[in-house]
Amino acid sequence: MIKPLEACVIIAMLLHLFICPYTKVEESFNMQAIHDVINYGFEIEKYDHLEFPGVVPRSFLGPLVVAALSSPFVLLTNVTGASKVAQQYIARGTIGLATALSFIVFCRAIDSVFGRSIKNWLILITMTQFHFMFYISRPLPNVFALIFALLALASWVHQKHKTFIWLSGASIIIFRFDLVMFLGLILLNELLVGRIGVIKCIVNAVFAGVCLLGLTVTVDSYFWQRWLWPEGEVMWFNVILNKSSEWGTSPFLWYFYSVLPRALSATLLLVPVGIYLMRHVTILLWPAFGYILLFSFLPHKELRFIIYTFPIFNTVAACAISTIWHNKNKTITRKLVAMGAMGLLVGNMVMTSGFLYISHHNYPGGQAMKILHELEKDTTDVHVHIDVYTAQTGVTRFTQLRPDWIYNKTEDLPAGGGDMMKYTHLFIGTPDNNKKPLAPYSETHTVIAQVQAYDRLFLDKSSFPPSFRILLTEKIYILKRNAPAA
């Protein structure tokens, strides 16, 4: 039975989903795969990944499960005549619900060891932060891995080592091999302190590894139409070849000075306090810290790569605020400290509101598709070209609402060339505020809409007091081909 405070995790997840319903390029494979499984079934020749395979292959196991769980609700929307966008909400809601429930299982494990108060504060802290709640409904390999990682962490807290090994294996072998550095450190610790025997560990790990590897190779080889282990190819690409650095690099300590302060927000200040007040909580913290340290050696860094550690840091922060709140009535000073700790939660919510506003305006491709369908709702002869920037910022097959329209994502077509002139409508992205891409179409097309999106955050010194402001600028132009002269 889900308790009221636990249900608030699900409500917070849904709030983030409805404010930011669109997805970006890194979510593209799983989003398109879920769409194709739901709508095409075994007609693999129609699947998006065969035409746009991406840089590295990903597993279909996550999309298959999400599609299966979503199908009854998708059928209901089809019967009621809802648009295909509703399917995207359902798919993301299914992922978010699975992740939220796994987080609740982790919180209950914390309850069993550290007490109800710490569990409740852990939920409150996490709900007021932005990034964890924002990501848990997103169709990323990291989020699929997070579901199993949270359940594995709960099993570790309960000292259920066999379950821990199987759940860890699923998250590592199927979805994110880099988790071997996090969950592997936990297993190594259990071996060193003698809580699990070496032989038992090896037997369970080998058996789980063979079964899980066989599962992903069998299923994914069918969908990719060649023999492969998707996560193995990802590991080779990122770790051995180190080609992920082509997508940008960050300094070694970036996770520590940039990601953790943003992800944990104001309650990051409670983490050292929690370590001081409850020293035994470091048994949870050191594998998370070690994972981030090891992962820092890879030059390409993203916030989502260490999302699995956020509940651990929040547990330590919960230990701090629980102790502070419990002792608040002993002296005036402690009462003031308790009120200050509550103020940190308010600070989290203020930061989350800002992040949500920015994120809502950070998917111009999805907005462009919505606007085009509204503007041309009575038009049947539409052949639209979706450029790279538009495709990367919110366009999915779920947003392609009209079966009588043609949607095309062909890349590298010469601007203003004959191929581009065949389309009735064009999406032209200008992410750098450079309007030169519009020039080739000044005499042949008309701009029928402009889509604004987040550009930057700046300090307005002209106001009193000086304040930060969010600047929105035109990022995508929707062009319509002019009718031929009579």
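Lys422 and Asp419 form a salt bridge, with their closest N and O atoms 3.5 Å apart. By salt bridge I mean a side-chain nitrogen of Lys or Arg within 4 Å of a carboxyl oxygen of Asp or Glu. Lys422 is exposed, at 55% relative accessible area. Asp419 is partly exposed, at 38%. The cut-offs: buried is under 20% relative accessible area, exposed is over 50%, and partly exposed lies in between, with a 1.4 Å probe and protein chains only.

Elsewhere, salt bridges with shared partners tie Asp36, Asp48, Arg397 and Lys409 into one network.

A word on the source. This is a predicted model: local features need pLDDT of at least 70, side-chain atom pairs count only at pLDDT 80 or more, and totals for chains, interfaces and linings use all residues. Residues are numbered from 1 along each chain as its sequence is written, and side-chain values use heavy atoms, leaving out hydrogens and water.

Confidence next. pLDDT is the predictor's confidence in each residue, from 0 to 100. The protein averages 94, and 100% of the residues score at least 70. Elements are DSSP runs numbered from the N terminus: helices are H or I with at least four residues, strands are E with at least two.

Back to charges. How many salt bridges does a search of the whole structure find? The count is 18. One joins Lys480 to Glu376, with the closest N and O atoms 3.2 Å apart. This pair links distant parts of the chain: Lys480 is in strand E5, Glu376 is in the loop between helix H18 (364–375) and E1, and they are 104 residues apart. Lys480 is partly exposed at 32%, whereas Glu376 is buried at 6%.

Now strand E3, residues 425–429. Five of its five residues are buried, so the strand is largely enclosed by the rest of the structure. His425, Phe427 and Gly429 point one way, Leu426 and Ile428 the other. Pairing here needs at least two DSSP bridges between two strands. E1 (residues 383–386) runs parallel to E3, joined by three bridges. In that region, Val384 stands opposite His425. E5 (residues 467–481) pairs with E3 in the antiparallel sense over five bridges. Leu426 has Leu479 of E5 as its bridge partner.

Next, Arg138. Is Arg138 buried or exposed? Its relative accessible area is 1%, so Arg138 counts as buried. Arg138 sits in the loop between helix H7 (131–135) and helix H8 (141–157). Its side chain makes a polar contact of 2.8 Å with the side chain of Glu27, and another of 3.4 Å with that of Tyr363. A polar contact is a pair of N or O atoms within 3.5 Å; within protein, one must be able to donate a hydrogen and the other to accept it, and residues adjacent in sequence count only if both atoms are side-chain atoms.

Last, the cores. A nonpolar core is a set of buried Ala, Val, Leu, Ile, Met, Phe, Trp, Tyr and Cys residues joined through side-chain atoms within 4.5 Å. The largest has 114 residues, and Phe103, Phe132 and Phe182 are among those with the most contacts inside it. H8 gives the largest share of this core, 11 residues. Apart from it lies another core of 15 residues, including Val382 and Tyr407.
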